[in-house]
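Reader: Could you walk me through a few local features of this one?
Author: Gladly; here it is.

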Amino acid sequence: MAEAIRKVSIELSGITLNPGIAIGRAYRFKQIDLESLKNNFFPIKDINLELSRLQRSIDKSKEQLSSLQKAGIDTGKKDIADIFAAHIQLLQDTTFLQSIRDAVKIERLNVEHILSVKIGDIEQRFRSIENETVRTRLVDIQDVYYRLLRNLLEIEHVRIAPLLRARLNPILVAEHLLPSDIALLEFRNIAGLIIEEASAVSHVAIIAQSFSIPTIINVPGVTSIVHSDNTIIIDGFSGKVIINPTLPETASYKLKKNGTSKKNQVRKYHHYLTRDGIRIRLEANANTPQEIESAIENGAEGIGLVRSEFFYLGRSKYPDPQEELNFYREIHKSAAGRPVTIRLLDLGADKSLPFINVPAETNPQLGLRGIRYLFANPDLLDRHFRSVLKSSKYGPVRIMVPFVSIIQELDYLYEIMERIISEERINRSGISMGIMVEIPSVVWSLPQFMDKVDFLSIGTNDLTQFTFAADRENRKLEEFRRASLPVLLKMIKSVAQAALIYNKDVSVCGEIASDPATASLLIGAGIRILSARVNALDAIKKEIESKSMDQAQVAVGKYLEMINGNHSQYRRSA
Ligand code: PEP
Ligand code: MG
């Protein structure tokens, strides 16, 4: 009988926030149940353990919020970034957090109970306030403290996981949403949104409007009628919601949808979150406009490495500068506004050009490579660097310098850059500069580079070769590469920490970022940007979304233990 009722087609109406037609399965999004947490209390034996659970939840919440704030900035959504900046500030309010700690010590009860009682008290106090502006502040407070609760209960992933798994873009149905919920949803593929209760001028509504998905608000009773998996149609032109539509209704709305979607086509940006909601940027290593196009189709958020030498290799003479510039224009076109990282020619060793005479070297891997090769061939450097700098007129370009080992190389390159910029009257606002971190000397002298770069990218292929003195071309040295992981992770962690201190982006573009077995270890070591091979993007996406930050950090910890070991064994016995 209940099943029969559920299958009856029901029509409700509300207020359209975003027009358009959406047809899909419902996903019921629920907030935490404060009442049951308030009623669920028990005595605790170990106060310190309880306090450290609280601290972990605070730290995790801060990390999630910073990641959401950064996502807002990266996607040009200042409203979203501002909301999360305010949330981070709320978490810095030590009075509230101290009152929780004190209550745990005095009452000796589980911390989620104490936190939920405090939240309930705050909600109560706010309800009696008449001033509307002050009352709206409650939404932010609730948002932050509910997040603390979810992290305490370790259930953040429970809210996120079903959405991550939903292969057919669901229609989200919620009683009400908090600003951080909606920012999170933006990162998922959602076909439509129905909010039972929301003011059209609320934060949530304003943010929802910036999406391109059909959205209807103020639909009384919708959450009591809809179950997850019911089919729903949103008619965002007339403000109608149809639950369990009949076959003819679905067919007619499909026709309408096809008619409108062609007009409203928007290219979607993809966003990736770990299982517990930490934002990871997934970029691609791609060298041609065609490859870049396929990277974007496969969900790359940007191009983390264009090995520009591939445009040069196989030629018998210098490419025409205009041809090179056109090549970069095509690259920007394929990237469709996403950031592009063009690495300056990384020639030398196994990559040589027939029209440039380079004296033979005894150890070419340790010889004139990358930036050294370019300095040894000033004409080549000038022609090539000029084209790359000029390409900034087609879109923002991140220029990456390969094989840097000492700071003087960067200083000298910047002198050349200044000359070209002034000769060509290039607008420098679209240019950012970074280096490959692929030689151990750079890992251990990073602070001197930090003021001079906008970003870093770790090249683990060369970094492994030089750290383990194991020629990357030599197949017989596989054993050293296999054993390199713990040391490599230690180095990567220290680079990620330095980048955090200096507020610089750091990615990994070496092969290790294309291997699903190691990608989440990079995240555990503090990396938030991965640049992977195009054909590895799918596997890496799954890896990012399947692991929580805790899991990744614990796994890294185990690798680090292998090399940090027990120091006492080095002590000589007395
Ligand atoms: C690296 O060294 O890890 C890297 C990405 O650069 P390449 O493989 O081109 O040397
Ligand atoms: Mg390299």
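**Local features**

Author: Histidine 113 lies in helix α6 (residues 111-127), a helix being a DSSP run of H or I of at least four residues, numbered from the N terminus. This is a predicted model, in which local features need pLDDT of at least 70 and side-chain atom pairs count only at pLDDT 80 or more, while totals for chains, interfaces and linings use all residues. Residues are numbered from 1 along each chain as its sequence is written, chains are lettered from A and ligands numbered from 1 in the order in which they are written, and side-chain values use heavy atoms, with hydrogens and water left out.

Reader: Is histidine 113 buried or exposed?
Author: Histidine 113 counts as buried because its relative accessibility is 9%, where buried means under 20% relative accessible area, exposed over 50% and partly exposed in between, with a 1.4 Å probe and protein chains only.

Reader: And what does the side chain of histidine 113 reach?
Author: That side chain comes to 2.8 Å from the backbone oxygen of lysine 38. Leaving aside neighbours within four places in sequence, histidine 113 is in contact (heavy atoms within 4.5 Å) with Leu37, Lys38, Asn40 and Phe41.

Reader: Switching topic, where is arginine 279 found?
Author: Arginine 279 is found in strand β10, residues 279-285, a strand being a DSSP run of E of at least two residues. At 7% relative accessibility, arginine 279 is also buried.

Reader: Which residues does arginine 279 touch?
Author: Not counting residues up to four places away in sequence, arginine 279 touches Ser67, Ala71, His271, Tyr272, Leu273, Glu301 and Arg528.

Note on methods:
Polar contact = N/O pair within 3.5 Å; in protein donor to acceptor, adjacent residues only side chain to side chain.
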